[in-house]
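Here are a few notes to read alongside the model.

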Amino acid sequence: MPDAVVIGAGPNGLVAANLLSDAGWSVTVLEEQQEPGGAVRHDRGVDPAFVNDLFSSFYPLAAASPVLAGLRLQDHGLRWSHAPHVLAHPLGDGRCAVLDRRIDATADSLDAFAPGDGAAWRRLHDVWQRLRPDLLDALFTPFPPVRAGARLAVRLRAAGGLRLARSLLLPVRRMGEEEFRGEGGRLLLAGNALHADLAPEAAGSGGFGWLMSMLGQTYGFPVPVGGSGALTEALTRRLLARGGTLRCGQRAGRIIVRGGRAVGVRTADGEAVEARRAVLADVSVPALYGELVPAEHLPGQLLEDLRRFQWDFATFKVDWALDGPVPWRAEQAARAGTVHLADGVDELTRFAAQIAMGRVPDRPFALFGQMTTADPSRSPAGTESAWAYTHLPLDVRSDAGEEGLTGTWDTKEQEIMADRVERQVERFAPGFRSLIRARRVLAPPTLESLDANLHQGAINGGTTALHQQLLFRPVPGTGRPETPVAGLYLASAGAHPGGGVHGAPGANAAHAALRRRLPPGGARAQRLLARRDRTGRKR
């Protein structure tokens, strides 16, 4: 019997398992898919000569994460690579805002839109430099982050206090208007905010856009050499080297609860995998409460709160094998790993408004990845391994375009939407479609079939909006990995601090489990209850 069973071999589950193993616990990880990684995997499914990431690709939060840094994954084969530019946001008229790890290059790009905007960017970066150590500590620790929070409060006061707090709570449209005269800086902030489900007019989107922009300024948007799955491979190698067990193709069917305590997992095949000390669940919040854990073991208030749980936007992704570099009208975009495709902040607002109304966007804001530009090992010289994803409403009510998409996402609708994404790319890179050797479409149902945590393609484990963050994540009054069932810990992006590949939810769950001890006689009681279950006697 292992000390802990971890459900899910995504990055958070693997981080949790590694930290428990480091503490001397025996750990078994159960993964539904035939390989580990969750949303951090790659393959050669588009073209055998091309590596394409299935889900996530760029990892600024991983680069900044003290959790992943502490695991020293470089000792287990992980290497990072960077594109020449971090990010570009071209406009239809050929102008282009550029985020570069060299702050002079970023500032020069913004000064081309309006003189003085480079200095404005430097001021935002100065604030970041003052706050960064304690802000990251507070972000990656359980809520409330008492020590890091106290240090951060002191730094906030020194950096502007209430005025700075106000700025970070602003909608990103308003923040951009207050900070920049031209469109360049506004585009960088607003495009980064829409990496999550935060419209330009959403409260707090300014702070999120600023955070993502400053992460890019400091750490870049790095990629694992060889494919995103190299990060998973390093985590897995490290775990196995420490004696951990990984079992793929094992779907969890139910968490075994005895006497109000989680004591194991029953797989979909009926096997009971018992745990001596803890069960950690790297699964979505709705899957944990009411599915894996029966409702009779949960407080009524929690079940009522779950009725108000909000997912983030659905996702639609297209992967390509391209016969040549993307022919961007703005040449700066050719050197960026990530390219944001929307013709101005107003178009971002239009896009987000269509999603809010349940309409499939007619001009989808696309995040475009140039993977060979970021990591030359991804495809043959002179070609490009590329992808783009956009967001969709979870509940499609109508189509803002003319094709009448309904959200069934059958083969016909997938092809229509993929063509729409390609037309969006063509607006900024005329001739793009002539370079396509092969493509693959990953619609919301496909993404969910490859990773059950991605409900209808939602990639962040729940909305990033303020009403479901901090002590409201995943429901009001939580914010920590502990659950109402003793010995059970939420280790997924549904827990604070949320989505992104940084390992914090898994680490927080592992630390919470390590702090807990079985009650007096607890181990003996568990053995007796388990023996009764095996002999069929009443519990």
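1. A contact here means heavy atoms within 4.5 Å, and helices (H or I, at least four residues) and strands (E, at least two) are DSSP runs numbered from the N terminus. This is a predicted model, where local features need pLDDT of at least 70, side-chain atom pairs count only at pLDDT 80 or more, and totals for chains, interfaces and linings use all residues. Residues are numbered from 1 along each chain as its sequence is written, and side-chain values use heavy atoms, with hydrogens and water left out.

2. Let's start with helix 4 (residues 103-111) and helix 5. In helix 4, Ile103, Asp104, Thr106, Ala107, Leu110 and Asp111 meet Asp117, Gly118, Ala119, Trp121, Arg122 and His125 of helix 5. These contact residues divide into five nonpolar, three polar and four charged (Ala, Val, Leu, Ile, Met, Phe, Trp, Tyr, Cys and Pro count as nonpolar, Asp, Glu, Lys and Arg as charged, and the others, Gly among them, as polar). The axes of the two helices come within 7 Å and cross at roughly 135 degrees; axes are lines fitted to C-alpha atoms, for helices over the stretch in contact, with angles from 0 to 180 degrees between N-to-C directions. That makes helix 4 oblique to helix 5 (under 35 degrees is roughly parallel, over 145 roughly antiparallel, 65 to 115 roughly perpendicular and the rest oblique).

3. Arg72 has a positive phi of about 50 degrees, and at 43% relative accessibility it counts as partly exposed. Trp409 has a positive phi near 55 degrees, but is buried, with a relative accessible area of 7%.

4. Please check the cis peptide bonds too. One joins Arg473 and Pro474, with omega about 0 degrees; another joins His496 and Pro497, with omega about 5 degrees. Pro497 sits in the loop between strand 21 and helix 18 (504-515).

Methods
Buried < 20%, exposed > 50% of the residue type's maximum accessible area, 1.4 Å probe, protein only.
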